[in-house]
Each structure stands twice: as structure tokens, then as C-alpha cells.
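Biologist: I have this one open and have not looked at it before. Can you walk me through it?

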Amino acid sequence: MAAGCLLFYERKLQQERLSKKTDIKTSGKPDIGGAFQLVDHHGNRRTDKDFQGHWFLVYFGYTFCPDVCPEELEKISAVLNILETMKLDCYLECGFITVDPERDTPDVMQKYLKVFCNGCITMVLEWLKCVRGSVLWLRKLMCSRDFHPRILGLTGTQGQVDVVTKAYRIYHSKSARDEDNDYLVDHTMYTYLMGPDGELVQYYSSSDWKSADELAKNISTHITSYQNKS
């Protein structure tokens, strides 16, 4: 168990380092976004054109992620709830694009987006993170809330995912498989806000934007500013 805990915390440190990567920073406007073809968690074909004309909030992660991805999706769910109270949610589409299409089939993503832990068993979860395979099982068994229904899971073939991650400059790399054929995926942890024209408006790192209130305020400012100019 000690070895398992050590592996988990080593991976967490790697993820924190990835969230601080500055590889998308340029002297001008970052070239983020582009054409893609994916499948949503309902099995429907989706392309970038489906989101044109809408604000698009998109996060890259994977369902087998032990902690960071569900935490970010929890934050995004809170943001969407806040925007609902501001009557701005109707302008926004939200996508969760997997970096692990080998395991994240549409069916897996659909089931995952229906479970959401409310934190009532945090101490048990912390312990079970050291036990291979137990975290996802416990979430499915005991979680009592859902991710926000506006979050759309998106997956595809490995080639299709490689195209969209390249377009959005998302680094992702699988770890070595263990004896149970399990693995983790190191990946850049950014949430992107794309404008109705498909251009990048803002990107948010998980380390710099920890508050759902601040994130919702920033997004609402962009939306209302755009509306006032239209």
C-alpha cells in the first residue's frame, strides 16, 4: 500500500507541474482551436461546427483520472450553476474531451458523467486512492449528485483525439501499464473559453483559477461585453 500511495502522489505532483506549463503563451494571440470530429457521450457525431455561434467552455481530461479531473468538473459544474442564476448559461456550451479514448468510450463517458461525489466520504476516498481501481468503484457506489447536465462528454478514435488535442495544444502521455494493465495519463490541465467565432477568448489553468465564483465572473464578463458590442 505504501508503494501505491507513493505512486499516486508522484503522479499528482506531475499533474501539478503540467498545470503550470506555459507552452501556450506566445508574443501574440495563442493559436488555439480548430476543426475536429468526435462523438459525444450519447453516441452522436460532433464537429467544431456544432459549437459555432455559441460560447464553448472545454476541458480536457479522462474518466479514470483519480482526482484532478473530477475536481475540475465539479468546479465547472459550479460555474454553470452560477451562470444559470445570472441567466447566461443559455449562451454557453460545455465540453469534456477525453485524452484517453482507449478506455473512454461513449458509454463509459455517459456513465461517468452521471456520477458525482459530494465529498461526504473524503477521508475514505483519500485512503482508497492508494488502492488500485477502488476510487472509481466507490464514486459509482456512493456518489449522490450528478455532474451538470450541460457538460457534454466527447471522445473518438485515437487519431481524432490526437487531432483535437494538437489543435488545442494539449499535451498528453500515458504512463507505463502496471500488472493489471492499468495506467494513468499525464496531461495539460487547461480549461478554454472559446468565443462564438471559434476563437480563443481565455484559458484557465487549474492552479491559477481555483474558485468557481472567480471563473464564473470572468466568463460572464466576456459574455456580457460581447453582447453589449453586438
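Modeller: One term to begin with: a nonpolar core is a set of buried Ala, Val, Leu, Ile, Met, Phe, Trp, Tyr and Cys residues joined through side-chain atoms within 4.5 Å. Buried means under 20% relative accessible area, exposed means over 50%, and partly exposed is in between, with a 1.4 Å probe and protein chains only. The model is predicted: local features need pLDDT of at least 70, side-chain atom pairs count only at pLDDT 80 or more, and totals for chains, interfaces and linings use all residues. Residues are numbered from 1 along each chain as its sequence is written, and side-chain values use heavy atoms, with hydrogens and water left out.

Biologist: Which residues touch the most other members of the largest nonpolar core?

Modeller: F60, I151, Y168, Y192 and I219 do, in a core of 52 residues. Helix 2 (residues 68–85) gives the most to this core, seven residues.

Biologist: How many helices and strands are there?

Modeller: The protein has seven helices and nine strands. These are DSSP runs numbered from the N terminus: helices are H or I with at least four residues, strands are E with at least two.

Biologist: And what share of the residues is buried?

Modeller: 47% of the 230 residues count as buried. The protein exposes about 11,600 Å², and carbon and sulfur atoms supply 52% of that. Those areas come from the Shrake-Rupley method with a 1.4 Å probe; for residues, only the protein chains shown count as cover.

Biologist: I151 came up. Why is strand 5 largely enclosed by the rest of the structure?

Modeller: Strand 5 covers residues 151–155, and five of its five residues are buried, so it is largely enclosed. I151, G153 and T155 are buried on one side, and L152 and L154 on the other.

Biologist: What does strand 5 pair with?

Modeller: Strand 1 (residues 37–40) runs antiparallel to strand 5, joined by two bridges. Strand 4 (residues 92–98) pairs with strand 5 in the parallel sense over four bridges. Pairing requires that DSSP finds at least two bridges between the strands. In strand 4's pairing, G95 stands opposite L152.

Biologist: What stands opposite T155?

Modeller: V39 does, and V39 lies in strand 1. V39 is partly exposed, with a relative accessible area of 23%. Leaving aside neighbours within four places in sequence, V39 is in contact (heavy atoms within 4.5 Å) with N44, R45, R46, P106, G153, L154 and T155. V39 and G153 are 114 residues apart along the chain, while their C-alpha atoms are separated by 8.3 Å.

Biologist: Different topic. Which residues of helix 6 are buried?

Modeller: In helix 6 (residues 158–167), V161, V164, T165 and A167 are buried. Seen down the axis, they fall within an arc of 160°, so they line one face of the helix. The arc is that of the directions from the helix axis to the C-beta atoms.

Biologist: What do they pack against?

Modeller: The buried residues of helix 6 pack against strand 1, strand 3 (55–61), strand 4 and strand 6 (172–174). Just after helix 6, R169 takes a positive phi of about 55°.

Biologist: Last one: is D89 buried or exposed?

Modeller: D89 counts as buried, at 16% relative accessibility. D89 is in the loop between helix 2 and strand 4. Apart from neighbours within four places in sequence, D89 is in contact with L80, L83, E84 and R150.
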